[in-house]
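Have the viewer open and follow along.

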Amino acid sequence: MYEFAVTPAVTQIRRRGVEIAEVLPGTIGAELELEPGDRIMRVNGRVVRDYLDFRFQSSGETELTMDVRKKSGEDWELNIERDESEDFGLSFEQIVPRQCANECLFCFCKGNPETARPSLFVRDEDVRLSFLYGNYTTLTSITEDEMRRVIEQRLTPQYVSVHATDLDVRAYLLGIEKDRADISGKMQRLMDAGIDIHAQVVLCPNINDGEVLRRTIEDLAALHPRVTSVAIVPLGLTRYLKDERLTPVTPEFCRQTIREVTTMQRELRVRLGKTFAFLGDEIYLKAGTAVPSRRHYGEYPQIEDGIGMVRSFANDFEKLVRRIKRRGAPAKSLFGTIMTGTLFAPVLSEMIQRFNDLHGTRLHVLPVENDYFGGDVSVAGLLTGGDFAAARNRVRGNFAIIPRVALKSDDAILLDGMRFEDLKAQFEVPLLAFDFASLSSLIESGSIEESIELTKAA
Ligand code: SF4
């Protein structure tokens, strides 16, 4: 689900140049009298298609010529001199994502309710967003132009959904012809040009598990170090995705997968000196098994795909507990509710209970069911406004917290389109959207009033 990483634009209409969205006062952009709505068409004679092009073509240039189409329709040619480190002070329109031409069995678009907002149906497949935000592409429809661009502009790393190196299985999963499913030549070309690749497998029971998965991991490991890591995440079924070719992921399936992959992880660690194949947190949580240690995750290469988030959270929480212990408990008498998805709730609850026992706080973890998507969707990031609202009567204490990740990254809006302000209005106590840093500040200060003030200021 890429909702939080891409612009909600659904249009395929592309205008030439890149539009300026904002000009900071006191910068070169302001001195040049550039304004929001103006379009930069060329830099040093080279066409600009989006802000990545602008960044690439202007980076390191101290003297440059810029062709601008003003909002008024006038064309300007600007000759600019600047210090290398001097910023233009410009921000640009978002990138309109290219869309894929696949028909994946498990596509998240098929798992949305019909009434979901249009942005949830955007099937982005865009190497630019892959580089910028870690969105996965399948490389099946990458054009020659895009290929050259990735290489020339060094858009590295790229995140590639491989799913299976067995071509019959990959073609079946992607719903395309076998020859289109074969991306080995494209991957090789990227790797030969120095582009790193993080791979992903969406694990579907009875399709790309077992021997197919083993071979996929082996084939990808043979491409290490250019293929840097592979993330194996479980298929997620909503109540709307009812393809009978798909089998739900069960706790027993997760336990079996952990057994099989752990053996390979050990062998690969000896061979490559690091963890190469990572299992998604959901697989451990569903199996009822502890997530691996900090060492296993190294530099957390696939954290954008949710790999290692539980370990990272648990370690940060332990550090917080130690910090509070050293400084002498300021946690006073916090009494409130932390809402999260049903998958993470038992783990969080255990951590919070230990904290309560140590410091006399009364923090309560409330598992929230995902009724919007239904099925086996149980992660915090896919909870909607309606789901939190339905749980409001189970809130205890003087405040309630929802995970910040349930809001859109650039707007206080939830996945079902409910505004956070409207959700807050349905609660009798203050409602806050927190990430780990804000939760730590609350626990350390022991003051909900301070947290509310800080949230307002932000
Ligand atoms: S690549 Fe597959 S999962 Fe991704 S958007 Fe396209 S059809 Fe959906």
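This is a predicted model: local features need pLDDT of at least 70, side-chain atom pairs count only at pLDDT 80 or more; totals for chains, interfaces and linings use all residues.

Residues are numbered from 1 along each chain as its sequence is written, and side-chain values use heavy atoms, with hydrogens and water left out.

Four strands make an open sheet with parallel pairing, in the order β7-β8-β9-β10. At its edges are β7 (158-161) and β10 (277-279), each of which pairs on one side only. From one strand to the next, the twist averages 25°. Helices (DSSP runs of H or I, at least four residues) and strands (runs of E, at least two) are numbered from the N terminus, and two strands count as paired if DSSP finds at least two bridges between them.

Strand β9 (residues 227-234) is joined to β10 by three bridges in the parallel sense. Ala-231 stands opposite Phe-278 in β10. Helix α9 (residues 251-272) packs on this sheet, where it touches β8 (197-203) and β10, and its direction makes about 160° with that of β10. Contact here means heavy atoms within 4.5 Å; axes are lines fitted to C-alpha atoms, for helices over the stretch in contact, and angles run from 0 to 180 degrees between N-to-C directions.

Between β11 and strand β13 (residues 400-403), two bridges run in the parallel sense, and Thr-337 sits opposite Ala-400 in β13.

How far apart are the end C-alpha atoms of α13 (residues 345-359)? They are 20 Å apart, which agrees with the 21 Å that its 15 residues should span at 1.5 Å a residue. That expected span is 1.5 Å times one less than the number of residues.

The buried residues of α13 are Ala-345, Leu-348, Met-351, Ile-352, Phe-355, Asn-356 and His-359. Seen down the axis of α13, they fall within an arc of 140°, so they line one face of the helix; the arc is that of the directions from the helix axis to the C-beta atoms. Buried means under 20% relative accessible area, exposed over 50%, and partly exposed in between (1.4 Å probe, protein chains only).

The buried residues pack against α12 (309-327), β11 (335-341), β12 (362-368) and α16 (436-445). On the face turned away from the buried side, α13 carries the exposed residues Pro-346, Glu-350, Asp-357 and Leu-358. Just after the helix, Gly-360 takes a positive phi of about 75°.

Strands β4 (residues 63-69) and β5 (residues 75-81) pair in the antiparallel sense over seven bridges. Asp-67 has Glu-77 in β5 as its bridge partner. Five residues lie between the strands of this hairpin, and Gly-73 takes a positive phi near 105° there.

Lys-70 meets Glu-35 in a salt bridge (3.1 Å, N to O). Glu-35 lies in the loop between α1 (28-31) and β2 (39-43) and Lys-70 in the loop between β4 and β5, so the pair ties together parts that are 35 residues apart in sequence. Is Lys-70 buried or exposed? Lys-70 is buried, with a relative accessible area of 6%, while Glu-35 is partly exposed at 36%.

## Salt bridges elsewhere

The whole structure holds 31 salt bridges, each a side-chain nitrogen of Lys or Arg within 4 Å of a carboxyl oxygen of Asp or Glu. Arg-49, Asp-50, Asp-53, Asp-126, Arg-128 and Arg-149 are linked in a network of them.

In helix α8 (residues 210-221), Arg-214 and Glu-211 are three residues apart, about one helical turn, and their side chains meet in a salt bridge (2.9 Å, N to O). Asp-219 and Arg-215 form another, with the closest N and O atoms 3.4 Å apart.
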